[in-house]
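Please keep the sequence and the structure in view while reading.

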Amino acid sequence: MALKKMIIGHLFTLGFGLVISVNFLTVANADTNNERRYEIPSNKANISVCQKKALLLKPGIIKGLRSLHQKETFLFQVRITQKNGVDVFVLCDSKTGNILQTKAD
């Protein structure tokens, strides 16, 4: 009799866990019908433009890219290592793709 109660208790716990899991998945996937979910956000649309302009200005290898937020503007900081081993930081406006500033490390 005790074994039967234990099995029923485990089945109840398992069923309850499944109900919670299904509800969680429903809530987690609530926004999957969004047709624009794979679009690049507007504040990151010019990443490749900024990288190309930075490399034209300061030839080398891109070693890092950071997204910065300043006064309602998103900026990209591109870290380029030049052939002579010097690191250069290029600041680019993410909205326009224009280079704002360069700085050698």
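In the hairpin of strand 2 and strand 3, which has 5 residues between the strands, G85 takes a positive phi near 90°. The hairpin of strand 1 and strand 2 has 2 residues between the strands, and there K71 adopts a positive phi near 45°.

The model is predicted, so local features need pLDDT of at least 70 and side-chain atom pairs count only at pLDDT 80 or more, whereas totals for chains, interfaces and linings use all residues. Residues are numbered from 1 along each chain as its sequence is written, and side-chain values use heavy atoms, with hydrogens and water left out.

## Overall layout

The protein chain contains 2 helices and 4 strands, where helices (H or I, at least four residues) and strands (E, at least two) are DSSP runs numbered from the N terminus. Read from the N terminus on, the elements follow the order α-α-β-β-β-β.

Of the contacts in the protein chain with a separation of 6 or more, 27% are between residues 24 or more positions apart, a contact being heavy atoms within 4.5 Å.

The 4 strands form an open sheet in the order 1-2-3-4, with antiparallel pairing. Strand 1 (61-70) and strand 4 (99-104) stand at the edges, and because each has a single partner strand, one side of each is left without a neighbour in the sheet. Neighbouring strands of this sheet are turned by 20° against each other on average, direction ignored; the axes behind such angles are lines fitted to C-alpha atoms, for helices over the stretch in contact, and angles run from 0 to 180 degrees between N-to-C directions.

Two strands count as paired if DSSP finds at least two bridges between them. Strand 1 and strand 2 run antiparallel and are joined by 9 bridges, with Q70 having T73 in strand 2 as its bridge partner. Strand 2 and strand 3 pair in the antiparallel sense over 7 bridges; F76 has C92 in strand 3 as its bridge partner, and R79 stands opposite F89 in strand 3.

## Core and salt bridge

The largest nonpolar core has 5 residues in all, namely A54, V78, I80, V88 and V90. Such a core is a set of buried Ala, Val, Leu, Ile, Met, Phe, Trp, Tyr and Cys residues joined through side-chain atoms within 4.5 Å. Strand 2 (73-81) and strand 3 (87-93) are the elements that give two or more residues to this core. Leaving aside residues up to four places away in sequence, V88 touches K58, V78, R79, I80, Q82, K103 and A104.

The count comes to 1 salt bridge, defined as a side-chain nitrogen of Lys or Arg within 4 Å of a carboxyl oxygen of Asp or Glu. The side chains of D87 and R79 meet in a salt bridge at 3.1 Å, N to O. D87 is buried, with a relative accessible area of 14%, whereas R79 is partly exposed at 33%; buried means under 20% relative accessible area, exposed over 50% and partly exposed in between (1.4 Å probe, protein chains only).

## Surface and the loop between the helices

Buried residues make up 18% of the 105 residues in the protein chain. The chain exposes about 8500 Å², of which carbon and sulfur atoms supply 60%; accessible areas come from the Shrake-Rupley method with a 1.4 Å probe, and for residues only the protein chains shown count as cover.

S42 lies in the loop between helix 1 (2-28) and helix 2 (47-57), and this residue is exposed, with a relative accessible area of 66%. S42 and F74 are 32 residues apart in sequence and 9.8 Å apart in space, C-alpha to C-alpha.
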